[in-house]
Amino acid sequence: MELRGSGQLTESPSGGQEDATFNLIILALTETLSLGGLLGNGAVLWLLSSNVYRNPFAIYLLDVACADLIFLGCHMVAVVPDLLRGQLDFPAFVQTSLATLRFFCYIVGLSLLTAVSLEQCLASLFPAWYPCRRPRHLTTCVCALTWALCLLLHLLLSGACTQFFGEPSRHWCRTLWLVAAALLAVLCCAMCGASLLLLLQVERGPQRHQPRGFPALVLLTVLLFLFCGLPFGIYWLSRNLHWHIPHYFYHFSFLLAGMHGAAKPVIYFCLGSTRGCRLREPLRLVLQRALGDEAELGATRETSRRGLMDIAA
């Protein structure tokens, strides 16, 4: 399930050398972005797990950061043999494990992003009705169900397309990959539709010129996925369904996938930080502001201010 080489077709030794150098630069950038994404998502995961916020959407970010952390870790390891071509090669079992685990985390991240887009869209369209009617543990149940269903698909693909559980079946393998392609299309359509409605609602709102908070975070994350995350899914489905893909799509899809995972923590920081105070605020407050917890932040500042006044008195 893993494409080992870049599939280069060269016409001359000089052209082949240039292509090899270009591919090495792309792969080195992929490793750098993946490392930065590991650090950033690790920080988000640590901050969200050590601080229980009242905002239920924080659970979505926690699960997305966990999926991105696993994906980027496997992504970094999978790119190493291409960087050290001829010097290092993984066994077939390791290559297949990295391939299936990456696609599993990719589908989990996409499913969670679709869920949070739909829920934020409903919260924006029905601000008075939805918070009252929303089940208390909806976010936890949605995240648990997402991981369980994606794990089921992962096990079915592993059983039908690999030798993990016996002899692979070509017919069932292609059928399951068609199901995965249909799932990817449905999730992307639902995410784009919900994000479009959310964007229209934000533009009609009182803060349409400077949308802040969690709606802006959702919109930017969806836009980031469409430009950087979607090419990896298209490549992966094309590779396993034997569809034709462009010559350099392999390396660019890997680069964009690393950029997709690394840019999310940057978006959280940029939306949560305030002008003139960047790099001087605690990361917990920055992340909390990105989630839209302005009221709680205001109460925290007021409590701190009163404490300082009492000390001065």
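Modeller: A residue is called buried when its relative accessible area is under 20%, exposed when it is over 50%, and partly exposed in between, using a 1.4 Å probe and protein chains only. By that rule His242 is exposed, at 66% relative accessible area. The model is a predicted one, in which local features need pLDDT of at least 70 and side-chain atom pairs count only at pLDDT 80 or more, whereas totals for chains, interfaces and linings use all residues. Residues are numbered from 1 along each chain as its sequence is written, and side-chain values use heavy atoms, with hydrogens and water left out.

Helices (H or I, at least four residues) and strands (E, at least two) are DSSP runs, numbered from the N terminus. The protein has ten helices and zero strands, and 45% of its 313 residues are buried. Helix H7 spans residues 213–241. His242 lies in the loop that leads from H7 to helix H8 (249–272). Although His242 is not a glycine, its phi is positive, at about 60 degrees.

Within H7 itself, consider Thr221. In contrast to the exposed His242, Thr221 is buried, with a relative accessible area of 5%. Contact here means heavy atoms within 4.5 Å. If neighbours within four places in sequence are left aside, Thr221 is in contact with Leu113 and Lys264. Between Thr221 and Leu113 there are 8.1 Å in space, C-alpha to C-alpha, and 108 residues in sequence. For the protein in general, 75% of the contacts between residues at least 6 apart in sequence join residues at least 24 apart.

The axes are lines fitted to C-alpha atoms, for helices over the stretch in contact, and angles run from 0 to 180 degrees between N-to-C directions. Angles under 35 degrees count as roughly parallel, those over 145 as roughly antiparallel, those from 65 to 115 as roughly perpendicular, and the rest as oblique. A crossing is left-handed if the near helix is turned anticlockwise from the far one by less than a right angle, and right-handed if clockwise.

One partner is helix H6. Its axis and that of H7 are 11 Å apart, and the two pack at an angle of about 160 degrees. H6 is therefore roughly antiparallel to H7. The crossing of these two helices is left-handed. Residue classes describe their contact: Ala, Val, Leu, Ile, Met, Phe, Trp, Tyr, Cys and Pro count as nonpolar, Asp, Glu, Lys and Arg as charged, and the others, Gly among them, as polar. The contact of H6 with H7 has 21 nonpolar, three polar and one charged residues.

Another partner is helix H2 (residues 57–83), whose axis comes within 14 Å of that of H7 and crosses it at roughly 25 degrees. H2 is therefore roughly parallel to H7. H2 passes H7 in a left-handed crossing. On the H2 side the contact is made by Phe57, Leu61, Phe71 and His75, and on the H7 side by Phe214, Leu217 and Phe232. By class, six of these residues are nonpolar, one is polar and none is charged.

H2 also meets helix H5, where the axes come within 9 Å and cross at roughly 25 degrees. H2 is thus roughly parallel to H5, and this crossing is right-handed. Among the residues that make the contact are Tyr60 and Asp63 of H2, and Cys143 and Trp147 of H5. Its classes are seven nonpolar, two polar and one charged residues.

The link is right-handed, with 110 degrees about the S-S bond. Cys161 lies in H5 (residues 138–161) and Cys173 in H6 (residues 170–204), so the pair ties together parts that are twelve residues apart in sequence. Cys161 is buried, at 16% relative accessible area, and Cys173 is also buried, at 15%. By contrast, the sulfur of Cys74 is too far for a bond, because the closest cysteine sulfur, in Cys105, is 6.1 Å away. Cys74 is buried, with a relative accessible area of 8%, whereas Cys132 is exposed, at 66%.

Note on methods
Disulfide = S-S within 2.5 Å.
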